[in-house]
Amino acid sequence: MLLPVTLTYAGLLGLLFLLLSIWVVKRRAQFKVAIGEGDAPPLRAAIRAHGNFAEYVPLTLLLLALCELAGTAPLWLHLAGGMLLLGRMLHAIGIQIPKAPNMPRLFGTLLFWLSLTLLSVLALVTGLSAP
């Protein structure tokens, strides 16, 4: 199978993105807002959780796939993929909490950053050491 680690995390993250999409739709219906965010902080939080995911996850998944194609050890790939998935889940939970800072959002952001940093460093090391 080609890219089994990336496929696993892409599938899990795809399901999480679907849940975030449904969350936005439910909030739109709840607050009767078709376009934009209206004057509803809970809708704004749902939109930002969804948008933040869409902004950051694709690049991180691309790095995961490239590292896997380059032969990075599965342990590193699973570590980065697990941090990415858990980080995005915690961020989505934490962004719903109006009080800032809050632990789920803080740890979610930190885990995501660690995942992106790890994959970026692995990509650089692998790329620079290639013949």
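Visitor: What should I know before I start?
Guide: The model is predicted, with local features needing pLDDT of at least 70 and side-chain atom pairs counting only at pLDDT 80 or more, while totals for chains, interfaces and linings use all residues. Residues are numbered from 1 along each chain as its sequence is written, and side-chain values use heavy atoms, with hydrogens and water left out.

Visitor: OK, how many residues does H2 have, and how far does H2 reach?
Guide: H2 has 29 residues and spans 42 Å from first C-alpha to last, close to the 42 Å expected at 1.5 Å a residue. That expected span is 1.5 Å times one less than the number of residues. Helices here are DSSP runs (H or I, at least four residues), numbered from the N terminus.

Visitor: Where does H2 bend?
Guide: At Val 57, by about 30°, and Pro 58 follows within four residues. The bend is the angle between axes fitted to the seven residues ending at a residue and the seven starting there.

Visitor: And Pro 41, buried or exposed?
Guide: Pro 41 is exposed, at 51% relative accessible area. The cut-offs are under 20% for buried, over 50% for exposed and partly exposed in between (1.4 Å probe, protein chains only). Pro 41 is found in helix H2.

Visitor: Switching topic: which residues touch the most others in the largest nonpolar core?
Guide: Leu 13, Leu 20, Trp 23, Phe 53, Val 57, Leu 64 and Leu 119, out of 27 residues in that core. H1, H2, H3 (74–94) and H4 (103–129) each supply at least two residues, and H2 gives the most, with eight. A nonpolar core is a set of buried Ala, Val, Leu, Ile, Met, Phe, Trp, Tyr and Cys residues joined through side-chain atoms within 4.5 Å.

Visitor: What about phi at Leu 3?
Guide: Phi of Leu 3 is near 55°, a positive value in a residue other than glycine. Most residues other than glycine have a negative phi. Leu 3 sits in the segment before helix H1 (4–31) and is buried, at 18% relative accessible area.

Visitor: And Lys 32, buried or exposed?
Guide: Lys 32 counts as exposed, at 74% relative accessibility. Its phi is also positive, near 55°, and Lys 32 lies in the loop between H1 and helix H2 (41–69).
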